[in-house]
Amino acid sequence: QKRKAENASRVLTKQTPLPEDEWQRLFKLPTEPSRLEGMLNSRQVEQYARQVDGFAAGVTGKMFAVRSNLLPEKME
């Protein structure tokens with residue numbers, strides 16, 4: 001808007017108007033992230049989560065088995 005007003009005044013004084021697309025040369029729009037890369041990253045995180053889940057399940061089972069053997073039984 002400001003550029004259009006300035007160009008109108010430059011035309012009246014018979015000067016060359018300034019380019020209106022100058023911002024496109026000064027600022028580059030960010031490129032869209034790759035969908036493939038996002039999909040690969042999410043698959044890798046899912047695989048890590050499955051590995052952790054499998055490891056935790058085994059360790060938890062062993063922990064409860066050892067704990068029940070170590071705790072003294074209640075005498076009634």
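This is a predicted model: local features need pLDDT of at least 70, side-chain atom pairs count only at pLDDT 80 or more; totals for chains, interfaces and linings use all residues.

Visitor: Where is Asn 7 placed, and why is Asn 7 called buried?

Guide: Asn 7 belongs to helix α1, where helices are DSSP runs of H or I with at least four residues, strands are runs of E with at least two, and both are numbered from the N terminus. Buried means under 20% relative accessible area, exposed means over 50%, and partly exposed lies in between, with a 1.4 Å probe and protein chains only. Asn 7 has a relative accessible area of 7%, and is therefore buried.

Visitor: What is Asn 7 in contact with, leaving aside its neighbours within four places in sequence?

Guide: Contact means heavy atoms within 4.5 Å, and with those sequence neighbours set aside Asn 7 is in contact with Pro 17, Leu 18 and Glu 20. Leu 18 sits in the loop between α1 and α2, and its C-alpha atom is separated by 6.2 Å from that of Asn 7, 11 residues apart along the chain. Leu 18 has a relative accessible area of 26%, so it is partly exposed.

Visitor: How does the radius of gyration of the protein chain stand against that of a compact globule of 76 residues?

Guide: The radius of gyration is taken over C-alpha atoms, and the globule rule is 2.2 Å times the number of residues to the power 0.38. A compact globule of 76 residues would be near 11 Å, but the protein chain has 34 Å. The C-alpha atoms fill a box of roughly 105 × 30 × 15 Å along the principal axes, and 1% of the 76 residues count as buried.

Visitor: What makes the contact between Glu 46 and Arg 50 a salt bridge?

Guide: A salt bridge is a side-chain nitrogen of Lys or Arg within 4 Å of a carboxyl oxygen of Asp or Glu. In the pair Glu 46 and Arg 50 the closest N and O atoms are 2.8 Å apart, and both residues lie in helix α3, four residues apart, about one turn of the helix. Glu 46 also forms a salt bridge with Arg 43, at 3.4 Å between the closest N and O atoms, and Arg 43, Glu 46 and Arg 50 are linked in a network of salt bridges.

Visitor: Why is Arg 50 called exposed, and why does Glu 46 count as partly exposed?

Guide: Arg 50 has a relative accessible area of 52%, and is therefore exposed. Glu 46 is at 33% relative accessibility, so it counts as partly exposed.

How values were computed. Residues are numbered from 1 along each chain as its sequence is written. Side-chain values use heavy atoms; hydrogens and water are left out.
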